[in-house]
Amino acid sequence: MSNAPDPSQLPKHQYSVTVELNAPIEDCFQASYLEDAMMAWAPNPKTIVYDHSAAPYPYGPGSARTVTLTSGVSLVEVIFISEKPTLLGYYIPHFGFGIDALLKNYQGRMHFEPLGPTRTRLTWKGYFDCPGLGRIFEPLFRVAMRKLISSMAHKMQPHVASRQARPATT
């Protein structure tokens with residue numbers, strides 16, 4: 001993908017959320033990308049559909065997921081780095097709906113760190129640019145994104161604690 005972020009370069013993050021999850025690192029990592037798991041923690045999902053045609057393996061770099069919300073809004077997220085079970089990075093090439101003029105180059109990185117056999121720390125960092133007039137709204141976007149990511153990270157807890165994450169199919 002030509003506009004994929006360079007996995008070796010982490011731009012300054014604009015928000016960071018850390019939560020501790022009561023599950024093994026493998027279960028937590030799977031919950032970050034499997035469709036059924038994401039349906040439990042993504043905000044108001046209607047469908048989550050993957051296209052693995054540009055990836056060397058399912059859920060690997062190049063896999064794209066289209067997340068359609070109950071409101072009808074759809075976003076495409078492209079995985080650009082996957083280091084199982086410790087790191088998943090994704091970016092959103094376009095937001096559409098006029099938001100592209102205010103917010104660009106969004107990427108998120110989910111870092112998983114084992115704290116024991118059944119405990120994992122998730123640190124979810126995000127980055128985006130606000131070009132032009134969007135700079136005026138950057139502080140508001142930063143707060144809104146942090147709240148959204150925090151909500152999703154905390155919604156993962158009951159899902160992984162109940163061990164609903166299923167093994168990945170490759």
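Arginine 65 sits over the face of tyrosine 90, 5.4 Å from the ring centre (the cut-offs here: NZ of Lys or CZ of Arg within 6 Å of the ring centre and within 35 degrees of the ring normal). This is a predicted model, so to speak of local features takes pLDDT of at least 70 and side-chain atom pairs count only at pLDDT 80 or more, while totals for chains, interfaces and linings use all residues. Residues are numbered from 1 along each chain as its sequence is written, and side-chain values use heavy atoms, with hydrogens and water left out.

On to the rings. The structure has nine aromatic pairs, counted for rings of Phe, Tyr and Trp (its six-membered ring) with centres within 6.5 Å; planes under 30 degrees apart are stacked, over 60 edge-to-face, and the rest tilted. Tryptophan 41 and tryptophan 124 make an edge-to-face pair, at 5.6 Å centre to centre and 85° between the planes. That pair ties together distant parts of the chain, with tryptophan 41 in helix α2 (residues 35–41) and tryptophan 124 in strand β7 (residues 119–129), 83 residues apart. Both tryptophan 41 and tryptophan 124 are buried (under 20% relative accessible area, with exposed over 50% and partly exposed in between, 1.4 Å probe, protein chains only).

Phenylalanine 95 and tyrosine 106 have ring centres 6.3 Å apart and planes at 80°, so this pair is edge-to-face. Phenylalanine 95 and tyrosine 106 are buried. Elsewhere, ring pairs join Phe29, Tyr33, Tyr50, Tyr59 and Phe112 into a cluster.

As for the whole protein chain, it comes to three helices and seven strands (DSSP runs numbered from the N terminus: H or I of at least four residues for helices, E of at least two for strands). Of its 170 residues, 44% count as buried.
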